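Hi,

Here is the structure I said I would pass on. Have a look at it first, and my notes follow below.

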Amino acid sequence: MDAIRRLGVGLAALGRPAYINVGSAGELPPGRSVEAMCEATWSVLDAAYAAGVRWVDTARSYGRAEEFLGGWLAARAPEGVRVSSKWGYAYVGDWKTDAKVHEVKEHSLDRFQTQYEETRSLLGGHLAVYQVHSLTEESPLFQDVPLQEALAQLTSEGVRVGFSTSGPRQADTIRRAMGLEVAGQRLFSTVQSTWNILESSAGDALREAHDDGLHVLLKEVLANGRLAVQPPQKVQNLASQHDAGPDAVALAAALGNPWADTVLIGAVSPAQLQANLAATDVLLDEGDLQDLARLNVPPERYWAERGALSWT
């Protein structure tokens, strides 16, 4: 498959004024008003579509991202775009960069039903995949049969049911979720997980999911921007060799996983997007990939460091 068609745009940092995204502050509109962030979102979507990207990922908790995306879809009427969104977190940041709490998690039947209606009202028939946001082994979803049955009903509406994962035990969550069935049918057909050259612990479980027929999406492949602005020396060296940025090298490493069906880009400006898209021209050999694999750190350490990052 053409590499560009394996890329998708994630709207986590564009639908709200603050997010954990190292190095993007200077790329965002001054003041970050609703209008300015909507315009920035449309600019990135326009550039991505022109380049051949056909997957867009969003969530109820990404501020007004679904609203921005829905407006763009209605105005542009693009062909072939697939949209994935998520439910489970509610945005409570009140459009403030310094909010004490930006989002609140709840995996309940009521939350699902409420947010699904909200998502449908904004995205309509463009919604292709609806995902449980940041599923963990502790989620009540695993014991909530009515919720599982309600999720399974989405397939009758032509929407695939998926889940995303976060935290140091992603692999355990993926394998447990793959075993969930409703009326003898597997509940989930997509999985979206954090994978990057620093945090690759979910790799084997994601490969198993892909081999078992699930569509695998990778998120946070730049480690919330750290691999772009604070890259390890090995990444910087490879970037110089390939005449590309360290972000392109990190994305190329993600694309180097044959089991990764869609690799999400979190660019917040057309310029940042173009730098990321250079990954499709970076051909890493097996030796390069092995060298990058040695950069991984224990997942507990990675997630502790991620948890210490500020929303800016």
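With that, helix 3 (residues 109-123) lies across strand 3 (82-87) and strand 6 (127-135), and runs at about 145° to strand 6. Contact there means heavy atoms within 4.5 Å, while axes are lines fitted to C-alpha atoms (for helices over the stretch in contact), with angles from 0 to 180 degrees between N-to-C directions.

Before going on: this is a predicted model, where local features need pLDDT of at least 70 and side-chain atom pairs count only at pLDDT 80 or more, though totals for chains, interfaces and linings use all residues. Residues are numbered from 1 along each chain as its sequence is written, and side-chain values use heavy atoms, leaving out hydrogens and water.

Now the barrel. Eight strands close up in the order 1-2-3-6-7-10-11-12, with parallel pairing (two strands pair if DSSP finds at least two bridges between them). On average, neighbouring strands of this sheet are turned by 25° against each other, direction ignored.

Strand 11 (residues 215-219) pairs with strand 12 (residues 262-265) in the parallel sense over two bridges: Leu-217 has Thr-262 as its bridge partner, and Leu-218 has Val-263. Strand 1 (residues 7-10) also pairs with strand 12 in the parallel sense, over three bridges, and there Val-9 is partnered by Ile-265. Both faces of strand 12 are covered, with Thr-262 and Leu-264 buried on one side and Val-263 and Ile-265 buried on the other. Buried means under 20% relative accessible area, exposed means over 50%, and partly exposed is in between (1.4 Å probe, protein chains only).

On to charges. The whole structure has 19 salt bridges, each a side-chain nitrogen of Lys or Arg within 4 Å of a carboxyl oxygen of Asp or Glu. One of them joins Glu-220 and Arg-306, with the closest N and O atoms 2.7 Å apart. This pair links distant parts of the chain, 86 residues apart: Glu-220 is in the loop between strand 11 and helix 7 (226-229), and Arg-306 is in helix 12 (residues 299-307). Glu-220 counts as buried because its relative accessibility is 16%, and Arg-306 is buried too, at 15%.

Cheers

Technical notes
Helix = DSSP H or I, 4+ residues; strand = E, 2+ residues; numbered from the N terminus.
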